[in-house]
Amino acid sequence: MSDKSRKYDRQIRLWGEHGQTVLENAQICLINATALGTEILKGIVLPGIGGFTIVDNRPVTEEDVGCNFFLDLDSVGQPRAKRCMQLLQELNPDVNGDYVDEHVEQLIDGQPDFFRNFDVVVATSISERTIMRLSNVLWEQNIPLIVARSVGFYGVARLQLREHCVIETHPDNKQTDLRLEHPFEGLRKHMEETVVTNKVPWLVVLYKVLQEWVDAHEGRYPASYREKTEVRDLIHAKMDGEQENLEEAAKAVNSSFGGGKPSSAVREILEDDRCVNVNTESNAFWIMARALKDFVDNEGNGLLPVPGVLPDMTADTNSYIGLQTVYRNQAAHDAEIVFRRSRQLLKELNKPNDLITDRDVRLFCREAANIAVVRGTKITDEFDKGYHRTAHIASGLETPNSLMGHYIVLRALDRFQADYGCLPGENEAESDTNGMKSLAAKMLSEWGIGTPLSDDLAYEICRYGGAEIHSISAYLGGCIAHELIKLVTRQYRPFDNTSIADKPTMLVTQSMSYASFDNNATGNSNITNEADFQKTAQIVVASIQKIQQNVSSMQRMVNQFGTAQDSPELKQQLHQIRSYTQQLISDTTNQLNDLVNCKERHLKIQRDRLVDEFSAVLNAFQAVQRKTVDLEKNAVRQARQASGAATTLHKPPGSHHSSMGSSYNNTSSNSGSMFEDNFITGSRGQTQEQLQEEIDLQALEEQERTIRELEENIVSVNEIYKKLGALVYEQSHQVDSIEASVEQTSVFVSEGVQQLKQASHYQNKARKKKLILALIAAAILAFIILIIILKH
């Protein structure tokens with residue numbers, strides 16, 4: 001292993017040596033060396049990016065030193081681009097750094113081709129006018145652009161992509177293509193020549209049992225769970241004692257079918273106009289995709305090339321290597337056909353032969369089942385009055401706990417800076433808050449949206465005064481650095497359109513919120529392809545994590561009831577988190593229901609796992625709600641008892657007045673003033689008592705309303721349980737019962753332990769018997785020897 005491989009060993013395990021090579025040849029441009037900007041560069045300098053260039057014409061200020069980790073007091077007054085470049089290079093000497101001490105608009109005006117030298121451009125804290133100009137230039141040059149900003153506890157990142165082709169998507173649930181239903185000639189011949197023993201790979205066992213089942217069912221392959229169970233039972237019937245390969249074959253029945261056929265997402269790519277009609281402008285991806293399409297339509301008979309990758313199996317070395325060689329030879333054969341077709345297309349398009357290498361085609365064929373094409377939108381379009389996604393924005397603003405309001409307030413911040421030449425809150429938060437609300441209202445009015453911006457959001461953004469907080473910038477910078485690596489290496493899927501970091505929500509709910517505005521957050525009931533499934537599944541996973549974290553926060557707050565930390569503010573905060581979590585649970589339930597229509601087995605398994613995780617956090621949420629109800633009811637009961645006791649200690653107002661009246665009748669006129677003073681004082685006391693009683697009554701009514709709301713929430717969550725139960729019941733026949741398997745295994749283990757104990761006991765008894773027999777034999781032998789000696 002070379003020094004470089006040893007240095008980057010961990011990340012090479014993620015994106016491979018070829019991905020590391022691409023990363024080391026990439027160039028990134030950063031516009032403005034803000035705290036966020038330098039944190040982004042840190043995240044790509046450490047993994048070994050080829051080089052970076054900082055474009056910034058500002059000098060270092062004391063404010064920069066306060067929030068930017070890569071600046072110190074000695075840097076004040078120096079060019080910010082130069083100083084940050086120097087300190088960033090110290091992190092990794094293998095990375096080349098450069099800087100341009102100019103404003104980015106000077107480059108756009110004088111050197112628009114300057115940006116063609118870079119793979120990705122990142123811009124932080126730039127004005128609205130600069131965003132629009134830069135967006136237009138980079139869209140025409142087909143260079144990805146990320147516009148990001150960190151303000152106080154908020155952060156936003158917007159990705160502009162014209163088209164991004166991904167070969168290695170690294171899906172979470174990658175299906176192994178074994179071709180059991182469509183065996184190629186080499187596989188069929190190898191299987192026929194191989195005799196089943198306890199040393200052959202389980203794939204051989206499964207193939208032969210499958211053929212028996214197919215012959216008995218008129219050439220039809222198992223499709224339903226019941227039919228696959230029959231195949232599993234056939235394997236179990238052939239087991240004689242402990243045979244690991246047969247056990248592995250039985251376990252692999254459900255996950256070994258369905259490979260080879262293009263998914264709906266791959267079919268969309270193969271039928272895309274850019275694939276069907278390749279031309280001189282086509283890149284290597286589309287040329288290989290066209291060659292792949294020709295293979296599928298001709299030599300492949302509707303199937304993709306064989307990937308040539310086998311899972312681990314228990315077998316002797318020669319058997320496994322022999323089977324692996326069969327798959328690899330077929331994969332090489334299929335890749336050779338695709339490679340020859342790619343070369344033919346290159347020749348027809350007058351492109352150089354070295355544009356596509358044999359290694360490129362082998363990788364493309366291996367990952368053909370999971371290739372993806374991501375097409376984004378232009379940032380400038382969002383500044384158009386006729387923006388086509390206004391209906392989605394309006395819906396988001398009306399959705400509780402949506403982050404669409406954060407998007408609007410951050411857009412209004414850009415408009416404020418453009419109109420007033422400063423960031424909101426730099427001068428006076430109160431007046432600037434009104435200005436922000438006015439700008440947001442104008443923006444929404446241009447889109448035909450009547451929903452106003454939240455006053456709290458407008459005030460919160462002004463309260464920060466445009467300042468960056470290093471910890472927030474570090475978090476957001478790390479996230480954006482990950483996306484940069486995805487874009488550069490063309491591995492994994494980048495985030496979609498816009499991502500918002502809502503740190504105040506995290507401080508309250510202990511969760512980080514995200515929103516992707518190119519995805520419909522309300523769900524899509526027609527999710528049938530894997531790409532849409534994975535997007536929705538990612539949203540569900542994030543929601544489950546948020547709910548779990550919110551429940552932990554609620555538990556801590558509930559534990560503070562009745563202690564010194566108990567306060568109305570605590571209960572108000574708990575109410576907000578509970579309402580937010582309730583809405584999140586409802587949305588997540590709808591999203592899980594949207595995942596029902598996918599037919600692929602591995603997607604069903606993934607969805608069922610999400611349902612189990614969601615059910616677990618629902619149980620925790622219900623437990624906290626029930627505990628809160630019990631505590632609230634107890635508090636109301638105690639308050640009512642205290643109120644009753646207090647009433648018995650005081651006379652009713654009527655009796656008090658009548659006694660004073662009789663006293664008045666029996667006294668002289670000189671005592672009238674004394675009575676008058678006593679009456680006024682008594683009336684004031686009674687009024688105060690009545691007011692206090694009304695306040696206490698209102699508090700009790702508020703607590704009772706809270707209890708009723710909690711009970712309604714518990715009922716609604718119970719309804720969600722019913723929906724989840726129906727969802728699980730519909731699919732329960734397609735997944736083995738893990739719990740039953742665990743219990744059965746536990747029984748087997750217990751029996752095995754008992755048998756081992758018995759065997760140990762028998763073994764000890766056998767040893768004792770052998771010892772006794774040996775002693776008897778020795779005694780007899782000694783006696784015989786003694787007799788012989790005495791005779792002589």
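Analyst: The discussion below concerns a predicted model.

User: Why is the pair of Phe285 and Trp286 called edge-to-face?

Analyst: Ring centres must lie within 6.5 Å to pair, and planes over 60 degrees apart count as edge-to-face. The centres of Phe285 and Trp286 are 5.3 Å apart and their planes stand at 90 degrees, so the pair is edge-to-face. Phe285 also pairs edge-to-face with Phe364, at 5.6 Å between centres and 75 degrees between planes. This second pair links distant parts of the chain, since Phe285 belongs to helix 14 and Phe364 to helix 16, 79 residues apart.

User: What makes Arg411 count as lying over the face of Phe383?

Analyst: The charge must be within 6 Å of the ring centre and within 35 degrees of the ring normal. Arg411 lies over the face of Phe383 at 4.3 Å from the ring centre.

User: Why are strand 3 and strand 9 said to stand at the edges of the sheet?

Analyst: The open sheet has 7 strands in the order 3-2-1-4-5-6-9, with mixed pairing. Strand 3 and strand 9 each have a single partner strand, so one side of each lacks a neighbour in the sheet.

Key:
Residues are numbered from 1 along each chain as its sequence is written. This is a predicted model: local features need pLDDT of at least 70, side-chain atom pairs count only at pLDDT 80 or more; totals for chains, interfaces and linings use all residues. Side-chain values use heavy atoms; hydrogens and water are left out. Two strands pair if DSSP finds at least two bridges between them. Helices (H or I, at least four residues) and strands (E, at least two) are DSSP runs, numbered from the N terminus. Rings of Phe, Tyr and Trp (its six-membered ring) pair if their centres lie within 6.5 Å; planes under 30 degrees apart count as stacked, over 60 as edge-to-face and the rest as tilted.
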